[in-house]
Amino acid sequence: MAPLKVGDSLPEGVKFEWAPITDSDPTACGRPQEYDASKEWKDKKVVLFSVPGAFTPGCQARHLPPYIEKIGQFKSKGVDVVAVIASNDSWVMNAWGKVNGVQGDDILFLSDTKTFFSKEYGWPAGMGDRNGRWAMVFDHGKVTYAENEKSPSDVSVSGAEAVLSKL
């Protein structure tokens, strides 16, 4: 399937696996649950960014930290949800959030193992089953921004600064 583009709608049936962050201990994790993005994001402004993998060098050093640092700026621009997806399972995604000091639902760390959103509606990385590095913004179910990095090691059009500049 082709990647979503500006003007497209968030498809029905988009689901992720999610283990909510309820404490700061990365060695403890709740039971994973289904997160129905189509339902949860229907009437919200959402920033979704995709990374090749939790704890990988580029994702850990250059992609995730600016989103954490600028969460207040996203909220001040009317963003209801900031979410990151990767092909890692929900326990790894939960631990990745905790290790980086994320609390509660400041940023959702979602496992892209349910509907394979990156493969079906985004951009895969071309490195096996890993997700690509890209970002999308949904405003009440409509795509208002969708950009893919030319190389999985780049963090430019999918980075926090680029996305903030388009809100």
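Start by selecting Lys 70, which is buried in this predicted model, with a relative accessible area of 15%.

The structure holds 4 salt bridges. For another, select Lys 98 and Asp 23, whose side chains meet at 3.0 Å, N to O. Lys 98 is in helix H4 (residues 90–99) and Asp 23 is in the loop between strand E1 (15–18) and strand E2 (33–36), so this contact ties together parts that are 75 residues apart in sequence. Colour the two by accessibility: Lys 98 is buried at 8%, whereas Asp 23 is partly exposed at 35%.

A further salt bridge joins Asp 8 and Lys 5, with the closest N and O atoms 3.5 Å apart. Here Lys 5 counts as exposed, at 52% relative accessibility, and Asp 8 as partly exposed, at 21%.

Now move to helix H2. Select residues 57–69 to show the helix that contains Cys 59. H2 has 13 residues and spans 18 Å from first to last C-alpha, close to the 18 Å expected at 1.5 Å a residue. Look along the axis at His 63, where H2 bends by about 30°. A proline, Pro 65, follows within four residues. The buried residues of H2 are Gly 58, Cys 59, His 63, Leu 64, Pro 65 and Tyr 67.

Which residue does the UniProt annotation "active site" cover? In the unreviewed entry, the annotation covers Cys 59. Is Cys 59 buried or exposed? Cys 59 is buried, with a relative accessible area of 0%. Display what surrounds Cys 59: setting aside neighbours within four places in sequence, the contacts are Val 51, Pro 52, Gly 53, Leu 64, Pro 65, Trp 96 and Arg 133.

Tyr 67, Phe 74, Val 82, Trp 96 and Phe 109 are the residues with the most contacts inside the largest nonpolar core, which has 26 residues. Two or more residues each come from strand E3 (45–50), H2, H3, strand E4 (81–86), H4, strand E6 (134–139) and H6. H6 gives the most to this core, with 4 residues.

Centre the view on Phe 74. Not counting residues up to four places away in sequence, Phe 74 touches Val 47, Tyr 67, Val 79, Val 82, Ala 160, Val 163, Leu 164 and Leu 167. A second, separate core has 23 residues, including Val 14, Tyr 35, Val 81 and Ala 83.

Finish at Val 14, in the segment before E1. Val 14 is buried, with a relative accessible area of 1%. Beyond neighbours within four places in sequence, Val 14 is in contact with Tyr 35, Asp 36, Ala 37, Ser 38, Thr 115, Phe 117 and Tyr 121.

Notes
Residues numbered from 1 in each chain as written. Predicted model: local features only at pLDDT ≥ 70, side-chain atom pairs only at ≥ 80, totals over all residues. Heavy atoms only, no water. UniProt positions renumbered as here; feature names shortened; annotations may be inferred. Buried < 20%, exposed > 50% of the residue type's maximum accessible area, 1.4 Å probe, protein only. Contact = heavy atoms within 4.5 Å. Expected span 1.5 Å × (residues − 1). Bend = angle between axes of the 7 residues up to and from the residue. Core = buried A, V, L, I, M, F, W, Y, C linked by side-chain atoms within 4.5 Å.
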